[in-house]
Amino acid sequence: MKPWVCRVCSSRFIVIGRLIWQDGRKQRHQDDGELLERIRAEVADLPSYGYRRIWANMRRRSEQEGLPRVNAKRVWRVMRDNGLLLESKPRPKLDTRRHTGRVAVADSNRRWSSDSLEFRCDNGEKLRVTFAIDCGDREALTGRPARVAMIAIGYRM
């Protein structure tokens with residue numbers, strides 16, 4: 001034993017056996033048989049529910065029947081050990097197309113970009129501007145602000 005531990009124990013009159021820490025987690029053995037029966041009953045009623053919904057239903061029933069609550073992690077562990085967890089969703093395949101940051105395309109009239117803006121004038125009126133640009137040749141649909149928008153093709157940016 002370390003000499004400083006003995007000095008502390010002798011000066012404070014502490015029993016040395018209490019200073020030795022033991023990991024109590026490895027000594028806990030809970031019987032999950034009753035919990036497994038309750039889980040299997042829930043899964044039999046609702047087979048598409050995952051462990052969170054099963055745990056929530058069990059928690060509600062425990063409160064109604066006066067039973068002690070069950071920890072969600074314990075429900076997950078018991079369901080995992082007995083093969084009752086749902087299969088995880090398949091991940092979507094990642095896009096293999098390399099993104100270079102260019103929006104332009106080789107041909108015209110294949111891809112269009114659009115945006116709209118809104119300004120407030122000095123007299124309080126709103127001015128709304130909406131435009132669309134052809135990404136191939138940068139030709140834009142143009143218009144002028146009016147009550148009825150007049151659109152014509154022909155403005156090059």
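## Helix packing and ring contacts

The crossing of α2 and α3 is right-handed. The model is a predicted one. Helix α2 covers residues 33-45 and helix α3 covers residues 51-65; the two pack at an angle of about 115 degrees, and their axes are 10 Å apart. Because angles of 65 to 115 degrees count as roughly perpendicular, α2 and α3 are placed in that class.

On the α2 side, this contact is made by Leu35, Arg38, Ile39, Glu42, Val43 and Asp45, while α3 contributes Ile54, Asn57, Met58, Arg61 and Ser62. By class, the residues of the α2 contact with α3 comprise 5 nonpolar, 2 polar and 4 charged.

Helix α4, residues 72-81, also packs against α2: the axes come within 10 Å and cross at roughly 80 degrees. The helices α2 and α4 are therefore roughly perpendicular to each other. Here α2 supplies Leu35, Leu36, Ile39 and Val43, and α4 supplies Arg74, Val75, Val78 and Met79. The contact of α2 with α4 holds 7 nonpolar residues, no polar residues and 1 charged residue.

The remaining pair to be described is α3 with α4. Their axes come within 9 Å, with a crossing angle of roughly 125 degrees, and α3 and α4 are therefore oblique to each other. The crossing of α3 and α4 is right-handed. In this contact, Tyr51, Ile54 and Trp55 of α3 meet Ala72, Val75, Trp76 and Met79 of α4. The residues of the contact of α3 with α4 divide into 7 nonpolar, with no polar and no charged residues.

| Helix pair | Angle between axes | Distance of axes |
|---|---|---|
| α2 and α3 | about 115 degrees | 10 Å apart |
| α2 and α4 | roughly 80 degrees | within 10 Å |
| α3 and α4 | roughly 125 degrees | within 9 Å |

Aromatic rings are considered next. A search of the whole structure finds 0 aromatic pairs. Charged groups do lie over rings, however: Arg53 is placed over the face of Tyr49, at 4.7 Å from the ring centre. The charged end of Arg59 sits over the ring of Trp55, 4.7 Å from its centre.

Definitions and conventions:
Residues numbered from 1 in each chain as written. Predicted model: local features only at pLDDT ≥ 70, side-chain atom pairs only at ≥ 80, totals over all residues. Heavy atoms only, no water. Phe/Tyr/Trp six-rings, centres within 6.5 Å; stacked < 30°, edge-to-face > 60°. Lys NZ or Arg CZ within 6 Å of the ring centre and 35° of its normal. Axes fitted to C-alpha atoms, helices over the stretch in contact; angles between N-to-C directions. Helix = DSSP H or I, 4+ residues; strand = E, 2+ residues; numbered from the N terminus. Parallel < 35°, antiparallel > 145°, perpendicular 65-115°, else oblique. Left-handed = near helix turned anticlockwise from the far one by under 90°. Contact = heavy atoms within 4.5 Å. Nonpolar A, V, L, I, M, F, W, Y, C, P; charged D, E, K, R; others polar.
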